[in-house]
Amino acid sequence: MYVASEINHADKMDLKLLLISTLLGVICYSSAQQEGNECIKANAKSCGECIQVGAKCGWCMDSEFLEQGEATSTHCDELESLRKRGCSYTKVENPRGSQRLLKNKAVTNRNKGEGKLQPEDITQIQPQKLTLSLRSGEPQSFNLKFKLAEDYPIDLYYLVDLSYSMKDDLENVKNLGTQLVLEMSKITSDFRIGFGSFVEKKLLNPCTGDQNCTSPFSYKNLLTLTSNGQEFNTLVGEQQIDGNLDSSEGGFDAIMQVAVCGEHIGWRNVTRLLVFSTDAGFHFAGDGKLGGIVLPNDGKCHLENNMYTVSHYYDHPSIAHLVQKLSDNNIQTIFAITEEFQPVYMELKNLIPKSAVGTLSANSSNVINLIIDAYNSLSSEVILENSKLPEGVTIMYQSRCKNGVTGEGEMGRKCSNISIGDEVSFTISITSKQCPKMGKPETIKIKPLGFNEEVEISLNFICECDCHKDSIENSKICHNGNGTYECGACRCNKGRIGRQCECSTNEVTSEDLDKSCRKDNGTDICSNNGDCVCGTCECKKRVNPEERYSGMFCECDNFNCDRANNKLCGGHGHCECRVCICDANWTGSANWTGSACDCSLDTTTCLASNKQICNGRGTCECGACKCTDPKFQGPSCEICPTCPGVCAEHKECVQCRAFGTGEKKDTCERDCSYFNLIKVKDRDKLPQPGQAFPLMHCKERDANDCWFYYTYAVNNKTEKEVHVVETLECPDIIPTEASGSSHYGTWRRHQT
């Protein structure tokens, strides 16, 4: 009982698991169907609406395409479904996106000693301008090259904190100009340097009488960018340190003015470096309230006579505002900071793309090495950014960098470890999810951070079908002008509905109209498979796009027919109004019959080797022989287990298979593997007459006068079976004691 209950419990568990897996399969299938059926779910009323649903959707322009009861939105479906339903290729509206290069100047291949080029003649990014036509859901991809040019011009602006604590540092910066020009000449032959200083928003002078310093100021532009390093040295030598009331400095005001006052600073469209040197922290948005300043920084240039004049009026900029302006003006920032404030500026670096932090020695003696190292670090990485995208537009990046390194997602925007002269590439995919509200073209830009070059991309949106151009407004086809006839269907005017716009929305719920949507008084409206619109049934759509309701009252469908082998109409026909219509062959004759098209009319499967159907002993029904003579069986009525000679026919093979003797013992495996052999203990265990299939009992003698017993049959699976008694019956000679003579005694069974 215990074992039985265990088996029963196991069976129940298996059944539960089977039911769960089946249910999950159904759910997954339904979910997959639903996800892949966006065209039908959209219920598009026009071709334009249809093609905006997704790239898989097409619109059939054939005015005869719809069956009775189908809504206008049925014109919109997946391309394969439209084809299967008989919409010819020429009648399917399926516009595709495209792209066109407008400016595609190759990146510059140039070595340092090959002569000087103007910055505008150097190209580091390709292409420069293109147009994309976007179909909803269909990505348009293009390749972008970037090459870090040899001997590319550099502008460097040195912005230094001149608060009193930087007194020792100022002495070392006085010779920075000529030394830096000399070092940078190893990188570029076109280098310019500028200089500015900052302290804090203008307050009272905190310096004591014996200190040589001036009152604080927010920012001064002391030297516009120049290639004269000696001029830099001279000007820096004339500077004096200033005072400040607290330890935080007003460097953000200065950085903002350096970024936005391009004409005053003298920035060119080349590599722009801003070196920010200080031994203290920084003020940011909100700190101005300490001095009674509440107006937010406006991010505009306010230099008069190279002095920031409204520091007392506008608050310090926020970090986000600063990041935006540095990016807009392609400026890469190097923070040269004393060790004490390293952690603070490292956090700031993480917020400002294309920035670097270097540790300044106590008296700034290492500033040149710091700048060179920071520049090499910044130039070894390219990061792409794009301008704001229009609503519904997405962008994806994939990078192909040095040494076969690739990246996707956010990592697809950048490549690292780039050296001068290296070329890397990006694949950029742009997808539109919808048409803009006004349908107007948009422009976006992609550029490498810190560089002045960019790619300009014009986006055109495919919002209407080509057949829309031939539309007829107020067409007679659409119920005497109640709609526009376009792309094979009516697009109804406001307040009108129906396939031909034949009804007003005010008439939809009329009882008289509902009555015309019933097959008879005892049936549901539209057979509960549709909606009554203007007295006409519009059948519901199924989740599976292959399944449809149809008919005047939506009483028909193409999925509720008989099945065979778990296939609708056996896979040999199609379902029309719940009846299987079996497929025909090339002559027009049906190949299959039956309610599930599961009965083949092909008789070739019943042909015997003599080319007779069923050997003339039966009829071919559904592709299989039905033997009319009960003695015969087999695929073509070729087997007669009870006919004379059957035993002798199989004797040698049974003998070699069961006992390893006989004429075929050496070829047994080759010649005698056509039946299944089952050994039994004795003759009582042999199968007896009364089986579901004919059976032949056999008794044969071998060369040693031993008898063996077996049965031969062909089972219901048309498999040949032989049951054989595993022992032979052999004679023994037993001598008699009387008269010393001998004679054969009784037969005895001899087991082999």
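Me: What is the bridge partner of Gln140 in β20?
Reply: In this predicted model, Gln140 is bridged to Ile430 of β20.

Me: And how many bridges pair β7 with β20, and in which sense, parallel or antiparallel?
Reply: The pairing is antiparallel and runs over eight bridges, with β7 covering residues 140-147 and β20 covering residues 423-432.

Me: What is the strand order of the open sheet that holds them?
Reply: The order is β5-β7-β20-β17-β18, an open sheet of five strands with antiparallel pairing.

Me: Which are the edge strands there?
Reply: They are β5, at 125-126, and β18, at 406-408; each of these pairs on one side only.

Me: Now β17. Which residue is found in the loop between β16 and β17?
Reply: Lys388 is found there, with β16 spanning 382-386 and β17 spanning 393-400.

Me: Is Lys388 buried or exposed?
Reply: Lys388 counts as exposed, because its relative accessibility is 77%.

Me: How many residues apart in sequence are Lys388 and Ile446, and what is their distance in space?
Reply: Lys388 and Ile446 are separated by 58 residues in sequence, and their C-alpha atoms lie 9.9 Å apart.

Me: How many bridges pair β1 with β3?
Reply: Two bridges pair them in the antiparallel sense, and β1 comprises residues 57-60. Trp59 stands opposite Glu93 of β3.

Me: Through what do strands of a sheet pair in general?
Reply: They pair through backbone hydrogen bonds, in either a parallel or an antiparallel arrangement.

Me: On to the hairpin. How many residues lie between β23 and β24?
Reply: Two residues lie between them, and Cys487 in the turn has a positive phi of about 55°. Strands β23 (residues 483-486) and β24 (residues 489-492) run antiparallel and are joined by four bridges. One of the bridge pairs is Gly483 with Cys492 of β24.

Me: What about Ser527, what is its phi?
Reply: The phi of Ser527 is near 55°, a positive value in a residue other than glycine. Ser527 sits in the loop between α13 (511-515) and β27 (530-533). With a relative accessibility of 25%, Ser527 counts as partly exposed.

Me: And where does Asp705 lie?
Reply: Asp705 is in the loop between β40 (695-701) and β41 (707-714). Asp705 is not a glycine, yet its phi is positive, at about 65°. Its relative accessibility of 38% makes Asp705 count as partly exposed.

Me: Helices next. At what angle do α8 and α10 pack?
Reply: Helix α8 (residues 251-260) and helix α10 (residues 319-328) pack at about 25°, and their axes are 9 Å apart. The two helices are therefore roughly parallel to each other, since angles under 35 degrees count as such. Their crossing is left-handed.

Me: Which residues make the contact?
Reply: From α8 they are Phe252, Ile255, Met256, Ala259 and Val260, and from α10 they are Ile319, His321, Leu322, Lys325 and Leu326. By class, this contact of α8 with α10 has eight nonpolar, one polar and one charged residues.

Me: And α6 with α12, is that crossing left-handed or right-handed?
Reply: The crossing of α6 and α12 is right-handed. The axes of α6 (residues 176-184) and α12 (residues 367-379) come within 10 Å and cross at roughly 35°. Leu176, Gln179, Leu180, Glu183 and Met184 of α6 make the contact with Val367, Ile368, Ile371 and Ile372 of α12. These residues divide into seven nonpolar, one polar and one charged.

Me: Last, the whole chain: how many helices and strands are there?
Reply: The chain has 15 helices and 44 strands. Of its 752 residues, 46% count as buried. Among contacts with a separation of 6 or more, 59% are accounted for by residues 24 or more positions apart.

Terms used:
Residues are numbered from 1 along each chain as its sequence is written. This is a predicted model: local features need pLDDT of at least 70, side-chain atom pairs count only at pLDDT 80 or more; totals for chains, interfaces and linings use all residues. Side-chain values use heavy atoms; hydrogens and water are left out. Two strands pair if DSSP finds at least two bridges between them. Axes are lines fitted to C-alpha atoms, for helices over the stretch in contact, and angles run from 0 to 180 degrees between N-to-C directions. Angles under 35 degrees count as roughly parallel, over 145 as roughly antiparallel, 65 to 115 as roughly perpendicular and the rest as oblique. A crossing is left-handed if the near helix is turned anticlockwise from the far one by less than a right angle, and right-handed if clockwise. Contact means heavy atoms within 4.5 Å. Ala, Val, Leu, Ile, Met, Phe, Trp, Tyr, Cys and Pro count as nonpolar, Asp, Glu, Lys and Arg as charged, and the others, Gly among them, as polar. Buried means under 20% relative accessible area, exposed over 50%, partly exposed in between (1.4 Å probe, protein chains only).
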